[in-house]
Amino acid sequence: LPHVAERDLFTLWQAADAVGLAHPNAGLLTDIICCPGGDFCSLANAKSIPVAEAIQHRFADLDYLFDLGDIALNISGCMNACGHHHVGNIGVLGVDKNGEEWYQITLGGHQGPDASLGKVIGPSFARAAMPDVIEKIIQVYVERREPEERFLDTFRRIGIDVFKERVYAKAS
C-alpha cells in the first residue's frame, strides 16, 4: 500500500484491524518475508505459506516476540529466492527430495551495509518439524544472548555449531 496519504493512515489501520490484518509485529520473528511457494508458483519445490503460518501460530505471544527483538525470518519455496531466504537471519528454503517437500535452514543472513549470506546448518527437515526447528534455534538465542543483543549479533558471536547441535540433537 505505497500510495496512502498520511491523513488516511489511521482510517486504513482501523479497516485493517477490523478484518484482523493490523498486527504490531514489524521487525519481529513473525514479520515473515515469504514467497507464494508451491500454492501459487509453478517454479516452487515446496509450499511456503503453510510453513510461515505454522511458525506464526507457534510464536503468537507478542510479549515474547518483543522480548526476542529484531529477527528477520525469510522463506522461499525454491532457489529463485523470491522470499530472500539467503539474507534472513533465519532462512528457510523449500527443496524437493524424491518428490517430497523438505526445508533447509540457513542462519546468519542479513541485508544492509554489513550484509551476509546465511549459512546452511545441515540436512533438511519435513514441513511438520519446522515450528520445532525454529523454536530450538530461538531457544539457543535466548540462552546465549547478551543483554540487548540481537539474534544476528548472537549468531555472529557464538557461531553456527551451537545452533546445529541443538537442532539435530536426538530427543532423549
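**View 1. One cavity in the whole structure.** A search of the whole predicted model finds one cavity of 30 Å³ or more. A cavity is a set of points, on a 1 Å grid over the protein atoms alone, where a 1.4 Å probe fits but cannot get out. The largest cavity holds about 50 Å³, a volume being the space filled by probe spheres set on the points. Its lining residues (an atom within 4 Å of a point) include Cys35, Cys41, Cys78 and Cys82. The lining has six nonpolar residues, three polar and no charged. Cys and Ala count as nonpolar here, Gly as polar.

**View 2. The largest nonpolar core.** Such a core joins buried nonpolar residues through side-chain atoms within 4.5 Å; buried means under 20% relative accessible area with a 1.4 Å probe. This core has 33 residues, and Leu29, Ile90, Ile105, Ile134 and Ile137 touch the most other members. Helix α5 gives the largest share, seven residues. Beyond four places in sequence, Leu29 is in contact (heavy atoms within 4.5 Å) with residues including Phe59, Ile90 and Ile134.

**View 3. Strand β4 and its partners.** Strands are DSSP E runs of at least two residues, and two strands pair if DSSP finds at least two bridges between them. β3 and β4 run antiparallel, joined by eight bridges. Gly94 has Tyr103 in β4 as its bridge partner. Two residues lie between these strands in the hairpin, where Asn98 takes a positive phi near 55 degrees. In β6, Ala126 stands opposite Trp102. In β5, Val120 stands opposite Thr106.

**Notes.** Residues are numbered from 1 along each chain as its sequence is written. Local features need pLDDT of at least 70, side-chain atom pairs count only at pLDDT 80 or more, totals for chains, interfaces and linings use all residues, and side-chain values use heavy atoms, without hydrogens and water.

How values were computed
On a 1 Å grid over the protein atoms alone, a cavity is a set of points where a 1.4 Å probe fits but cannot get out, and a pocket is an open set with protein on both sides within 12 Å along at least five of seven lines; lining residues have an atom within 4 Å of a point. Buried means under 20% relative accessible area, exposed over 50%, partly exposed in between (1.4 Å probe, protein chains only). Helices (H or I, at least four residues) and strands (E, at least two) are DSSP runs, numbered from the N terminus.
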